[in-house]
Amino acid sequence: MDSVFRALADPSRRALLDALFEEDGQPLTALCGELSMSRQAVSKHLRIHEDAGLLVTHSQGREKFHYLNPVPIAELGDRW
């Protein structure tokens with residue numbers, strides 16, 4: 001649960017989740033266009049989301065697609 005709070009605490013990470021909510025299943029290159037930061041920085045933020053269970057990834061060829069998983073956020077709401 002702490003990892004979900006950590007992932008949601010940063011505005012850039014919330015922006016990434018918003019982008020995936022708008023259009024699910026985006027590769028890293030598309031998500032980099034949403035923010036003005038390097039690919040490495042976006043990758044780091046996505047890794048934090050993955051560790052928190054907020055993202056599910058699927059590799060297709062050389063690209064890795066990121067999908068939003070809202071279950072951990074719903075579990076936070078259910079807890080209280």
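**Labels and the numbers behind them**

User: Why is histidine 45 called buried?
Analyst: Histidine 45 has a relative accessibility of 12%, and buried means under 20% relative accessible area, with exposed over 50% and partly exposed in between (1.4 Å probe, protein chains only). So 12% puts histidine 45 in the buried class. Before we go on: this is a predicted model, where local features need pLDDT of at least 70 and side-chain atom pairs count only at pLDDT 80 or more, while totals for chains, interfaces and linings use all residues. Residues are numbered from 1 along each chain as its sequence is written, and side-chain values use heavy atoms, with hydrogens and water left out.

User: Where does histidine 45 lie, and which residues does it touch?
Analyst: Histidine 45 is in helix H4, residues 39–52. Helices here are DSSP runs of H or I with at least four residues, strands are runs of E with at least two, and both are numbered from the N terminus. Skipping residues up to four places away in sequence, histidine 45 touches Asp10, Ser12, Arg13, Leu16 and Met37. Touching, or contact, means heavy atoms within 4.5 Å.

User: What makes glutamate 63 partly exposed?
Analyst: Glutamate 63 comes out at 37%, so it falls in the in-between class. Glutamate 63 sits in strand S3, where it is the bridge partner of glutamine 60. Beyond its neighbours within four places in sequence, glutamate 63 is in contact with Pro27, Thr29 and His58. Glutamine 26 is 37 residues away from glutamate 63 in sequence, and the C-alpha to C-alpha distance is 9.5 Å.

User: How do you know that S2 and S3 pair?
Analyst: Two strands pair if DSSP finds at least two bridges between them. S2 (residues 55–60) and S3 (residues 63–68) have six bridges in the antiparallel sense, so they qualify.

User: What about S1: over how many bridges does it pair with S3?
Analyst: Over two bridges, in the antiparallel sense. Proline 27 faces phenylalanine 65 in S3. Together, three strands form an open antiparallel sheet in the order S1-S3-S2. S1 (26–27) and S2 are the edge strands, each pairing on one side only.

User: Which helices go with that sheet?
Analyst: Helix H2, residues 11–22, lies across S1, S2 and S3 and runs at about 90° to S3. H4 also packs on the sheet: it touches S2 and S3, and its direction makes about 115° with that of S2.

User: Why are H1 and H5 called roughly perpendicular?
Analyst: The angle between H1 (residues 2–9) and H5 (residues 71–79) is about 110°, with axes 10 Å apart. Angles from 65 to 115 degrees count as roughly perpendicular, under 35 as roughly parallel, over 145 as roughly antiparallel, and the rest as oblique. So H1 and H5 land in the perpendicular class. In H1, Val4, Phe5 and Leu8 meet Pro72, Ile73 and Leu76 in H5. By class, the contact of H1 with H5 has six nonpolar, no polar and no charged residues.

User: And what makes H1 and H4 roughly antiparallel?
Analyst: H1 and H4 pack at about 150°, with their axes 8 Å apart. That is over 145, so H1 and H4 count as roughly antiparallel. Ser3, Val4, Arg6 and Ala7 in H1 meet Ile48, His49, Asp51 and Ala52 in H4. The residues of this contact of H1 with H4 divide into four nonpolar, two polar and two charged. Here Ala, Val, Leu, Ile, Met, Phe, Trp, Tyr, Cys and Pro count as nonpolar, Asp, Glu, Lys and Arg as charged, and the others, Gly among them, as polar.

How values were computed. Axes fitted to C-alpha atoms, helices over the stretch in contact; angles between N-to-C directions.
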